[in-house]
Amino acid sequence: MEFSDAFKTTLMETAKTLHGSARRLLLARTVQALGPGGQRRAEEELGWNRQMIRKGLHELESGITCLDAFSCRGRLRAEERLPDLLKDLRDLVKAQSQTDPRFRTQRLYTRLTAEEVRRQLQVQKGYTDAELPAVRTIRDKLNDLGFHLTKVAKCKPKKRSRRLMPSSSG
């Protein structure tokens, strides 16, 4: 059986529109129609993944749909793993924060760095180094809570003026 270009395009586009079990069943039925060596031909000519084809063939033969469980993959967010983390961050940083000295914004600026906040979480709140997220994550969580980790601007002295004073000789 030879594939025409139009037939290849139709099969590939149809496979792209389907997801999960429906896609695997299409791949499996197509490979079965191709006969012996169909998996290899489908991989070479259509660009299909042989592992997905095998899973589809297994589903077709057994009648049992394999669950993908995508939601079970990956790592949990820091606040899901450590439910008190955001409250502890807020408690630590709130005492060290102040508003914009020029009152241009309502942001809260803190004198602490994310590294220091991480150390204080270990010392004051009893977290271990292994369970705490990275410094970058702590910085992002603090920004999400409305704290901005920048140096607190202090009053700057006025620059010297170039105007000559009566006491100076010019």
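## Helices H6 and H7

Helix H6, spanning residues 85-94, packs against helix H7, spanning residues 114-125, at an angle of about 105 degrees, and the two axes lie 10 Å apart. H6 is therefore roughly perpendicular to H7, since angles of 65 to 115 degrees fall in that class. The structure described in this report is a predicted model.

On the H6 side, the contact is made by Leu85, Asp88, Leu89, Asp91, Leu92 and Val93. H7 contributes Val117, Gln120, Leu121, Gln124 and Lys125. Sorted by class, the residues in this contact comprise six nonpolar, two polar and three charged ones.

## The chain as a whole

The chain contains eight helices and three strands. Read from the N terminus, its elements follow the order α-α-α-α-α-α-β-β-α-α-β.

The chain has 170 residues, of which 28% count as buried. Among contacts in the chain with a separation of 6 or more, 59% are accounted for by residues 24 or more positions apart.

## Helices H3 and H4

The crossing in which H3 passes H4 is right-handed.

The residues of H3 that make the contact are Gln39, Arg40, Ala42 and Glu43, while those of H4 are Arg50, Ile53, Arg54 and Leu57. By class, the contact of H3 with H4 consists of three nonpolar residues, one polar residue and four charged residues.

## Gln39 in helix H3

Gln39 belongs to helix H3 and is one of the residues through which H3 contacts H4. With a relative accessibility of 18%, Gln39 counts as buried, because the cut-off for that class is under 20%.

When neighbours within four places in sequence are left aside, Gln39 is in contact with Val31, Arg50, Ile53, Arg54 and Leu57. Arg50, Ile53, Arg54 and Leu57 are also the residues that H4 contributes to its contact with H3.

## Ala28 in helix H2

Ala28 is located in helix H2, which covers residues 20-34. Its relative accessible area is 0%, and Ala28 is therefore buried.

Not counting residues up to four places away in sequence, Ala28 touches Gly56, Leu57 and Leu60. Leu57 is also among the contacts of Gln39. Ala28 and Leu60 are 32 residues apart along the chain, yet their C-alpha atoms are separated by 7.1 Å.

## His58 in helix H4

His58 lies in helix H4. Its relative accessible area of 45% makes His58 partly exposed, whereas Ala28 is buried. The C-alpha atoms of His58 and Ala28 are separated by 8.5 Å, and these two residues are 30 residues apart along the chain.

Apart from its neighbours within four places in sequence, His58 is in contact with Gly63 and Cys66.

Terms used: Residues numbered from 1 in each chain as written. Predicted model: local features only at pLDDT ≥ 70, side-chain atom pairs only at ≥ 80, totals over all residues. Heavy atoms only, no water. Left-handed = near helix turned anticlockwise from the far one by under 90°. Helix = DSSP H or I, 4+ residues; strand = E, 2+ residues; numbered from the N terminus. Contact = heavy atoms within 4.5 Å. Nonpolar A, V, L, I, M, F, W, Y, C, P; charged D, E, K, R; others polar. Buried < 20%, exposed > 50% of the residue type's maximum accessible area, 1.4 Å probe, protein only. Axes fitted to C-alpha atoms, helices over the stretch in contact; angles between N-to-C directions. Parallel < 35°, antiparallel > 145°, perpendicular 65-115°, else oblique.
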